[in-house]
Amino acid sequence: MCKILLLLEHKENRRLLSEWLETRYEVFSPDFGDDLPSLPQSFDLCILSGRALDRYSHWLQTTKKAQEPLFLPFLLVTSRRDVGMVTRHLWRTIDELIITPIEKVELQARVEMLFQRRQLSLKLKIANENLQEINEIKTRFISIASHEIRNPLHTISAFAQILHRSSEKLAEEKKQEFYNKIQLYVKNITNLLDDILFLSKGELGKKKINLATSNLNNFCDQVIQETQIISDNKINFFCQDKYINACIDEKLLRHILTNLLTNAIKYSPQGSPIDLELISNEEEVIFQIKDKGIGITPEDQQHLFESFYRASNVGNIAGTGLGLAIAKQCVDLHDGKIAVNSEVGVGTTFTVTLPIGNMPRLEDSLDESNSL
């Protein structure tokens, strides 16, 4: 409810006007002569008399300036003979003028117009703040992305030059090591570009979910193979069911699993195993990614899914702080849930739960077809 501050010297006028306005607005009216800077409440409109304008002119200008660029309206109620006395204040601090005796319909119209301007000003302020935040995010993102792309490219270039100049002198094992590292950095750049493309659509609300039937056992095997090729960490896949069908968006699920598996590898010791477990019931499918890495503090867990946020214990491990934010968006688009359970120095488990829909398990379908 909009708040009105009444500054009128005559108690009876103040009481009558306050009672009438209180049927539509929240009104507070301090005694004339009170110290206004100590007012405990904020307000959206001030209705004041000529004497109040004279008495509180400095406070009025200070208050109005403090709200800029937000519009804070002041409505002057005065007699026709006193208009000349307050001319020096018009229109520097006063936004509307109404002559006594007051017509309620006219006053109501003036008040509503001023409130509309106030609301429009608030909306513009919020929109401007959002634009500033978006610009800050874009600037920060470009800076991080440029750094994360430039460094791998320099490394790829260095390995390529070594292979070009010294290929004949290098042992096959060493060559393969360099090829694997080049492949790793190319994959990292590809993942980062995928994140950029996703954010350009997803964060602007343009991302649409495209559900289709998918065999999750095969899908998980594919994602593991794609991720395993760039890592010495073995990814173990566990699933009690031979076939699990679900209605999901494969592109979004690939973002989820790839980001979680990549993080598990990135923050785990070299060679440490990563587990991916797939569980299903009649209503949902559950993916659990477990690692034995550095872990995440309880404080950091509260901010994990915010864009650009990185845990306090990552040290010099490269990253943009976008992977988990993207995974969370993909889960949300599925109307699913994502949770984390972690202990510093022990490891981390991410649990993703997605609705399975009314899709039957593939093994049930096979049983039916075999019985025909």
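## Basis of the description

The model is predicted, so local features need pLDDT of at least 70 and side-chain atom pairs count only at pLDDT 80 or more, while totals for chains, interfaces and linings use all residues. Residues are numbered from 1 along each chain as its sequence is written, and side-chain values use heavy atoms, with hydrogens and water left out.

## Overall make-up

The protein has 10 helices and 12 strands. These elements are DSSP runs numbered from the N terminus: helices are H or I with at least four residues, and strands are E with at least two. Of the 372 residues in the protein, 41% are buried; buried means under 20% relative accessible area, exposed over 50%, and partly exposed in between, with a 1.4 Å probe and protein chains only.

Contact means heavy atoms within 4.5 Å. Among contacts between residues at least 6 apart in sequence, 66% join residues at least 24 apart.

Two strands pair if DSSP finds at least two bridges between them. In general, strands of a sheet pair through backbone hydrogen bonds, either parallel or antiparallel.

Strands β10 and β12 run antiparallel, with 8 bridges between them, and Ile289 is the bridge partner of Phe350 in β12. A further 7 bridges join β11 to β12, also antiparallel, with Ala339 opposite Thr351 in β12. Strands β11 and β12 form a hairpin with 3 residues between them, and Gly345 in the turn has a positive phi of about 85°. Because 7 of its 9 residues are buried, β12 is largely enclosed by the rest of the structure.

Axes are lines fitted to C-alpha atoms, for helices over the stretch in contact, and angles run from 0 to 180 degrees between N-to-C directions.

The axes of α6 (residues 216-228) and α7 (residues 250-266) come within 10 Å and cross at roughly 45°. The two helices are therefore oblique to each other, where angles under 35 degrees count as roughly parallel, over 145 as roughly antiparallel, 65 to 115 as roughly perpendicular and the rest as oblique. Residues making the contact include Leu216, Phe219 and Val223 of α6 and Leu253, Leu257 and Leu261 of α7.

## Two residues in context

Asn259 is found in helix α7 and is buried, with a relative accessible area of 11%. Leaving aside neighbours within four places in sequence, Asn259 is in contact with Asp195, Arg254, Gly323 and Ile326.

Asp232 lies in the loop between α6 and β7 and is exposed, with a relative accessible area of 59%. Leaving aside neighbours within four places in sequence, Asp232 is in contact with Gln270 and Gly271. Asp232 and Gly271 are 39 residues apart in sequence and 5.3 Å apart in space, C-alpha to C-alpha.
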